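I opened this notebook to record what I looked up on charged pairs and nonpolar packing. The entries follow in the order of my reading.

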Amino acid sequence: MKKKVVKRLLAGTLAGVLSVGMLAGCGGGDSSNETAEEDTSDKPDTWIADRTITVQAYVDDIGNTLPEDFNSTPTMQKITELTGIKLDVRYTPGDSDESVLASQLASGTIPDVIISYLDNSTRPEFPLLLKAAKEGMFADVSEYMENSEVYSRYYEDGYLPKDTYENIVFRDDLDGVYLWQMNIDAEDKSLEYIPEEEYKGGLYIQKRIVDELGIDPTTINTQDQFYDLLVQIKEGGFTDDNGNPVYPLGPKYWGGSVDTLQYIVPGFRYGVSDGYNVDENGKVYHEAEKDTIYDEINYVRKLLNEGLMNPEFFTMDSTRAQEVSENHNSAIIADVHNYEAVIYGNEDWVPLGPLNDIQGDNKKVTHGKSGRGCMAISAEAENPEEIFEFFDWLSTVEGQTIAQYGAEGVSYDLVDGKPVLKDEVLQKLNENDQDYLINDVGAGFGGSGNYFFEFVLTNKDNLNNFGESRPGASASETFSRSLQIAEEYPVEKKLVPGLSATAYMSAEELSAVKTQMDLLDWNEVIVQAFYAEDDAQVKQIIESFRDQLKSAGVEQFEEYVGNIYAEDNEAVNFYN
């Protein structure tokens with residue numbers, strides 16, 4: 001990046017940035033980047049360049065786990081020894097990562113690399129990134145990608161998810177590759193149930209309540225059975241750690257959220273694709289337009305009115321939600337998974353259900369391979385090929401091993417070709433000593449340490465590469481119960497291919513509709529309906545939203561998506 005741009009960048013858009021490492025290289029005006037040719041005769045084969053790459057992250061998990069001195073950690077020192085690369089990783093707090101991204105892209109100046117959340121092209125970050133790509137803010141990396149060791153796999157037929165391939169990486173309206181997703185699995189195992197890799201989420205119930213009621217929690221599969229269980233719990237007189245009556249159904253472990261409806265009322269949920277589904281005649285509807293929405297609302301209202309659900313189920317903040325789970329005030333946690341300490345740290349909880357969906361089965365829906373996160377290189381970055389080469393090397397088996405485990409001989413040893421954490425590091429991992437993992441080692445540890453190194457990898461195959469699903473899993477007492485739960489409570493999976501319906505809202509001919517639809521908040525509306533004073537108010541809320549949908553042009557959108565589905569029933573992830 002040119003020095004005048006750097007000065008403007010530091011003085012304006014990145015003021016107040018949390019910066020890790022020294023300002024150097026492209027992002028900081030290091031003169032080493034302007035050297036015509038570097039003598040690498042005494043360097044390892046993995047050597048790339050003696051430079052610092054400046055990275056702006058719009059990912060709060062990265063911002064919350066940055067080492068105090070990124071480049072002094074053993075992990076980064078090893079990476080620099082092998083590649084010559086240092087990193088200046090920055091995170092800017094704000095109202096949201098999306099708002100910070102929007103502000104900095106609008107300023108027209110970014111450092112060498114940006115990385116952002118981007119599970120798929122339907123996320124709100126994507127239009128911002130696509131606009132920046134079309135306006136020439138990002139470098140075209142197609143030449144580097146085609147000739148790379150790892151990312152060249154993105155060109156293989158069927159390697160990338162359809163959404164990633166068509167809507168993000170290889171778009172028809174772009175003349176090259178300007179942004180790309182990461183965290184793509186090396187092989188598609190989405191329909192396989194592999195206990196070592198399963199994050200078993202959803203409903204969890206207290207084991208003592210299961211034992212006292214004498215039930216098999218896996219046989220609770222219908223909405224009626226679930227309701228009857230909640231009544232049994234209420235009538236059972238169960239109390240929490242403080243002697244207070246439990247709420248039969250408590251909120252999501254991470255805080256009140258509408259997305260838990262997928263676990264507590266799946267049998268009523270018509271809208272399977274971001275609120276949309278298709279009927280037997282091929283007509284697409286938003287769930288609010290179908291009268292079945294009243295069945296869902298009435299069921300939840302019954303749970304609230306009868307004291308079977310915590311009254312703050314949808315609104316509780318994350319701190320209190322974790323508290324009511326950990327002190328056993330919730331008989332059932334609406335959503336948590338087996339890799340949270342509240343579950344693996346004891347034997348107090350077991351999975352419940354899962355409940356049947358609108359098709360009458362409780363198979364876990366998978367849409368196939370997926371990605372997580374997006375990266376782009378600035379069009380003004382010096383020697384962008386070096387930057388791309390670095391991140392490509394980081395996703396090789398060698399790079400991934402260092403990124404996740406740290407430096408060999410320091411934090412791990414190789415045993416039969418696989419990394420095994422040293423006892424001290426394993427102990428710190430078991431104790432969840434994040435300060436040690438982040439600052440004394442600096443590796444990703446599958447998301448338990450420096451999250452930057454978890455986020456920017458791709459072509460992942462942990463079991464084959466490392467012999468375990470995440471660092472320390474095979475030898476760690478910490479996650480032994482996580483694996484036990486996954487083994488004892490398997491689920492069958494079903495493939496429902498296609499993109500979510502709203503992925504198609506970005507079509508150019510729907511731009512006016514999208515502008516209006518973005519002003520509507522269905523999640524807020526349905527929560528209002530749950531807490532309405534009476535049935536008349538529920539009807540008023542729903543009818544008002546239906547009118548808003550029509551005014552926004554939802555029928556035009558539904559017709560557009562319906563035509564796509566009619567031509568290719570694997571293009572949209574509907575099921576009926």
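**Salt bridges and cores**

I first looked up Lys 422, whose side chain meets that of Asp 413 in a salt bridge, at 3.0 Å from N to O. By salt bridge I mean a side-chain nitrogen of Lys or Arg within 4 Å of a carboxyl oxygen of Asp or Glu. Lys 422 is partly exposed, with a relative accessible area of 25%, and Asp 413 is partly exposed at 32%. I use buried for under 20% relative accessible area, exposed for over 50%, and partly exposed for what lies in between (1.4 Å probe, protein chains only).

I note the basis of these entries: the model is predicted, local features need pLDDT of at least 70, side-chain atom pairs count only at pLDDT 80 or more, and totals for chains, interfaces and linings use all residues. Residues are numbered from 1 along each chain as its sequence is written, and side-chain values use heavy atoms, with hydrogens and water left out.

I then asked how many salt bridges the structure holds. The count is 31.

I looked next at Asp 259 and Lys 252, whose side chains form a salt bridge of 3.0 Å, N to O. Here Lys 252 is buried, with a relative accessible area of 14%, whereas Asp 259 is partly exposed at 35%.

I turned to Lys 539 and Glu 543, which are joined by a salt bridge of 3.7 Å, N to O. Both residues lie in helix α24 (residues 535–552), four residues apart, about one turn of the helix. Helices are DSSP runs of H or I with at least four residues, numbered from the N terminus. Lys 539 is partly exposed at a relative accessible area of 46%, and Glu 543 is partly exposed at 28%. Through shared partners, salt bridges link Asp 291, Lys 539, Glu 543 and Arg 546 into one network.

I went on to the largest nonpolar core, where Ile 205, Phe 226, Leu 249, Ile 264 and Ile 332 touch the most other members among its 78 residues. Such a core is a set of buried Ala, Val, Leu, Ile, Met, Phe, Trp, Tyr and Cys residues joined through side-chain atoms within 4.5 Å. Helix α12 (residues 292–305) gives the most to this core, seven residues. Another core lies apart from it, with 69 residues, including Leu 87, Phe 138, Met 182 and Leu 457.

Methods: Helices (H or I, at least four residues) and strands (E, at least two) are DSSP runs, numbered from the N terminus.
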